[in-house]
Amino acid sequence: TSLGAKDPEEMTRARQAVEAVARQAQVNNVVLKSFFKQFDPRNCGLVTLEEFARCVNTIEPNLSPQHVHTLATMYTQAQPSGMSLVNYRQLHADCTDDTKQSGAAMNRLTRDGLKYDEVQKLDATNWLQDSQV
């Protein structure tokens, strides 16, 4: 996972992307996580990379492919099965709460990366167990 990106350019792209998505959601009075619900029937907060990109492009069509990729990478974690899932709930939380505090979302993600990874692993494990039922 690239959750606490170390490359300054990548961090700048990540901040720009989160701020752009948050701005579009606010301007259009959109609840971000509602865009992802159709791809998350188990309501676990995880979607595939392709589904994530599709939803982000729907919310903010002016994001460059590089910005979308940076966002997806930032919220992605490879699963034991080899599948990569993206935690859209964290994007929603970062866009609705932390971006109002001028980039605090990215600072928090960098600072708390390990803690966040642990939570993501639990969510992904639950998703994988549920999908096998």
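**Exercise 1. Which polar contact joins the side chains of His67 and Gln16, and at what distance?**

Before you start: this is a predicted model, in which local features need pLDDT of at least 70 and side-chain atom pairs count only at pLDDT 80 or more, while totals for chains, interfaces and linings use all residues. Residues are numbered from 1 along each chain as its sequence is written, and side-chain values use heavy atoms, with hydrogens and water left out.

*Solution.* 
- Step 1. Look from the side chain of His67 to that of Gln16: a polar contact of 2.8 Å joins them. A polar contact is a pair of N or O atoms within 3.5 Å; within protein, one must be able to donate a hydrogen and the other to accept it, and residues adjacent in sequence count only if both atoms are side-chain atoms.
- Step 2. Now turn to Ser64, whose side chain has a polar contact of 2.7 Å with that of His67.
- Step 3. Check the surroundings. His67 is buried, with a relative accessible area of 16% (buried means under 20%, exposed over 50%, partly exposed in between, with a 1.4 Å probe and protein chains only).
- Step 4. Leaving aside neighbours within four places in sequence, His67 is in contact (heavy atoms within 4.5 Å) with Arg13, Gln16 and Ala17. Arg13 and His67 are 54 residues apart in sequence, yet their C-alpha atoms are 5.9 Å apart.

**Exercise 2. Describe how α1 packs against α4 and α5**.

*Solution.* 
- Step 1. Two packed helices are described by the angle between their axes and the distance between the axes. Axes are lines fitted to C-alpha atoms, for helices over the stretch in contact, and angles run from 0 to 180 degrees between N-to-C directions.
- Step 2. For α1 and α4, the angle is about 95 degrees and the axes are 9 Å apart. The two are therefore roughly perpendicular (65 to 115 degrees; under 35 is roughly parallel, over 145 roughly antiparallel and the rest oblique).
- Step 3. List the partners. Residues of α1 including Arg13, Gln16 and Ala17 meet residues of α4, among them His67, Leu71 and Met74.
- Step 4. Repeat for α5 (residues 88–96), which packs on α1 (residues 8–27) at about 75 degrees, with axes 9 Å apart. This pair, too, is roughly perpendicular. Here Val18, Val21 and Ala22 of α1 meet Leu91, Asp94 and Cys95 of α5.

**Exercise 3. Where is Asn87, and what does its side chain reach?**

*Solution.* 
- Step 1. Asn87 is found in strand β3 (residues 84–87).
- Step 2. Asn87 is buried, with a relative accessible area of 4%.
- Step 3. Its side chain reaches the backbone nitrogen of Arg89 at 3.1 Å and that of Gln90 at 3.1 Å.

**Exercise 4. Which residues of the largest nonpolar core touch the most other members?**

*Solution.* 
- Step 1. Recall the term: a nonpolar core is a set of buried Ala, Val, Leu, Ile, Met, Phe, Trp, Tyr and Cys residues joined through side-chain atoms within 4.5 Å.
- Step 2. Of the 25 residues in this core, Phe36, Phe52, Val56, Leu71 and Leu91 touch the most other members.
- Step 3. Ask who supplies the core: α1 gives the most, with seven residues.
- Step 4. Zoom in on Val56. Not counting residues up to four places away in sequence, Val56 touches Val21, Phe36, Leu63, Val68, Leu71 and Leu91.

Conventions: Helices (H or I, at least four residues) and strands (E, at least two) are DSSP runs, numbered from the N terminus.
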